[in-house]
Every structure is written in structure tokens, then in C-alpha cells.
Amino acid sequence: MKILCVGRNYAKHIEELANERPQSPVLFAKPETAKLPLGDDFYIPEFSQDIHYEVELLVKISKVGKHIQPKFAAKYYDEIGLGIDFTARDIQQALKEKGLPWEKAKAFDGSAVIGETWLNTSEFESVQDIHFSLQKNGRVVQEGHTGMMLWKIDELIAEVSRYFTLKIGDVIFTGTPAGVGKVEAGDRLAGFIEKKSIFTVSIR
Ligand code: ZN
């Protein structure tokens, strides 16, 4: 499986990092080794002093596709999940300034938390009306609503599949809302879709 990620998909998060609003979705990939094994703790890597959480709604691909039109995109997924795109913000900042690729900051081992609970799309009236949140040590630090996405899920699937053939089991990270922040050893993160607990992860 591969992990494809969308950057800058929520206006308020673009503002908080003082980024430019893109003309088309920012895309990047994480290799399979980025996936944090289920139940494992996240160990802050030695190369970063500033690891940030980014909670993101996930879409799991259920059918092989390429050049998918937005109007047919809903046929290519039936499960919605939640995860964290861990980001070494200090490394990313240095790479961005030099115009270099982001892999060292975004694709390292354990950087993709993929919650073990997946919800069927039929559980939602609309995938563009889903609330999700992240708690750090019991306090809400990020709240998102898919209605606030700059590019809707079906538009993202269309865009991603222009470049990358989508295969069964691939996971798309759809971008983070505002409220990203640093983690410290000892923190405990918990992700929710609506009121449902989707994952917990301890930081070491
Ligand atoms: Zn992200």
C-alpha cells in the first residue's frame, strides 16, 4: 500500500503557517515504512527538536483507479478513518526555504498514524459533513469539519489519480485543519470522528 497526502487543504491552517494558498492541491507521499504499527508508541526521532501533530481525515481506496472523474470518485472508497501526519517542522522549514523535497520531514518511520477504526461512508449523510478532532492529554487541540476543505474528497481523488494509480488499500491523508502543535515525550494523543474514538497514541 502507499500513503498519499494532501497539504494546505484548510484555509486557517494555511494562515497559521503563513503559507501561500495553492492553485491546486499540494501532494506528497509517505512510504509504507512510515506507517506506525498499530498499538505502537511514537518515539520522537533524534533528528528533530520540533515534531508536530497534524490530525487528518483518511480515505481508504477500495478499487483500482487512474484518471478518476470527481463524479465517479465515490465508487473508489467506502471507508473513512483518522490519522496523524507527524511532521518534523524544523526540518520541513529548512527544506522549504531551500525549495527541497519534504520527505525527511514528513515520510520518516512512524510518521503516519493510521487509526485502527474505520467507518463506512454509509454511516454519514455526506462525507463533506464530518466533524473530527484531536485531544492532547485530554484537551481538544484540533477540530476539523470536512465542509471546510478547499478541495473536497472527490476532487482530491480526481487530482491524486491524475498522477498516481490508486490501488486497493492505499490511504489518502486529506490535510489538517488549524491548531497543529508540538508533541513532547509523555504526551498522549487521541483522535475522534464525531464522538467516536478512532485512535490513541503515546509519545515517547
Ligand atoms: Zn498534513
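**Aromatic contacts, cores, sheets and the zinc site**

Phe42, Phe47, Phe86 and Phe108 form one aromatic cluster, in which rings of Phe, Tyr and Trp (its six-membered ring) are taken to pair if their centres lie within 6.5 Å. The structure is a predicted model, in which local features need pLDDT of at least 70 and side-chain atom pairs count only at pLDDT 80 or more, whereas totals for chains, interfaces and linings use all residues. Residues are numbered from 1 along each chain as its sequence is written, and side-chain values use heavy atoms, with hydrogens and water left out.

Six aromatic pairs are present in the structure. One of them joins Phe28 and Trp102, with 5.7 Å between the centres and 55° between the planes, a tilted arrangement; planes under 30 degrees apart count as stacked, over 60 as edge-to-face and the rest as tilted. Phe28 belongs to strand E2 (residues 26-30) and Trp102 to the loop between helix H2 (89-98) and helix H3 (103-106), so the pair ties together parts that are 74 residues apart in sequence. Helices (H or I, at least four residues) and strands (E, at least two) are DSSP runs, numbered from the N terminus. Phe28 is buried at a relative accessible area of 13%, and Trp102 is likewise buried at 19%; buried denotes under 20% relative accessible area, exposed over 50%, and partly exposed the range in between (1.4 Å probe, protein chains only). A further tilted pair consists of Tyr163 and Phe164, at 6.3 Å centre to centre and 50° between the planes. Phe164 is partly exposed, with a relative accessible area of 31%.

The largest nonpolar core holds 47 residues, of which Ile80, Phe86, Ile157 and Ile193 touch the most other members. Such a core is a set of buried Ala, Val, Leu, Ile, Met, Phe, Trp, Tyr and Cys residues joined through side-chain atoms within 4.5 Å. A second, separate core of 12 residues includes Ala34, Leu58, Ala112 and Trp118. When residues up to four places away in sequence are not counted, Ile157 touches Val59, Ile61, Ile68, Ala73, Tyr77, Leu166 and Ile172, contact being defined as heavy atoms within 4.5 Å. Ile157 is also among the buried residues of helix H4 (residues 153-163), together with Ile153, Leu156, Ala158, Glu159, Val160 and Ser161. The buried residues of H4 pack against strand E1 (3-7), E2, strand E4 (55-61), strand E5 (77-85) and strand E11 (171-173).

Strand E13 (residues 188-193) has five of its six residues buried, so this strand is largely enclosed by the rest of the structure. E13 pairs in the antiparallel sense with strand E9 (residues 131-136) over five bridges, and Lys136 stands opposite Leu189 in E13; two strands are considered paired if DSSP finds at least two bridges between them. E13 also pairs with strand E14 (residues 196-202), again in the antiparallel sense, over six bridges, and Ala190 has Thr200 in E14 as its bridge partner. E13 and E14 form a hairpin with two residues between them, and Glu194 in the turn has a positive phi of about 50°.

An open sheet is formed by three strands in the order E6-E3-E12, with antiparallel pairing. Strand E6 (87-88) and strand E12 (181-182) stand at the edges, each with a single partner strand, so one side of each is left without a neighbour in the sheet. Strand E3 (residues 51-53) is joined to E6 by two bridges, and Ile51 stands opposite Ala88 in E6.

Positive phi values also occur in loops. Ala18, in the loop between helix H1 (11-16) and E2, has a phi near 55° and is exposed at 70% relative accessibility. Asn137 has a positive phi of about 50° although it is not a glycine; Asn137 is found in the loop between E9 and strand E10 (139-145) and is partly exposed at 46% relative accessibility.

The zinc ion has Glu54 (OE), Glu56 (OE) and Asp85 (OD) as protein donors, at 1.9 to 2.1 Å. Donors are N, O and S atoms within 2.8 Å of the metal (3.2 Å for Na, K and Ca); water is not among the atoms, so sites may look incomplete. Along the chain, the zinc donors follow the spacing E-x1-E-x28-D. Glu54 is buried at 3% relative accessibility, and Glu56 is buried with a relative accessible area of 1%.
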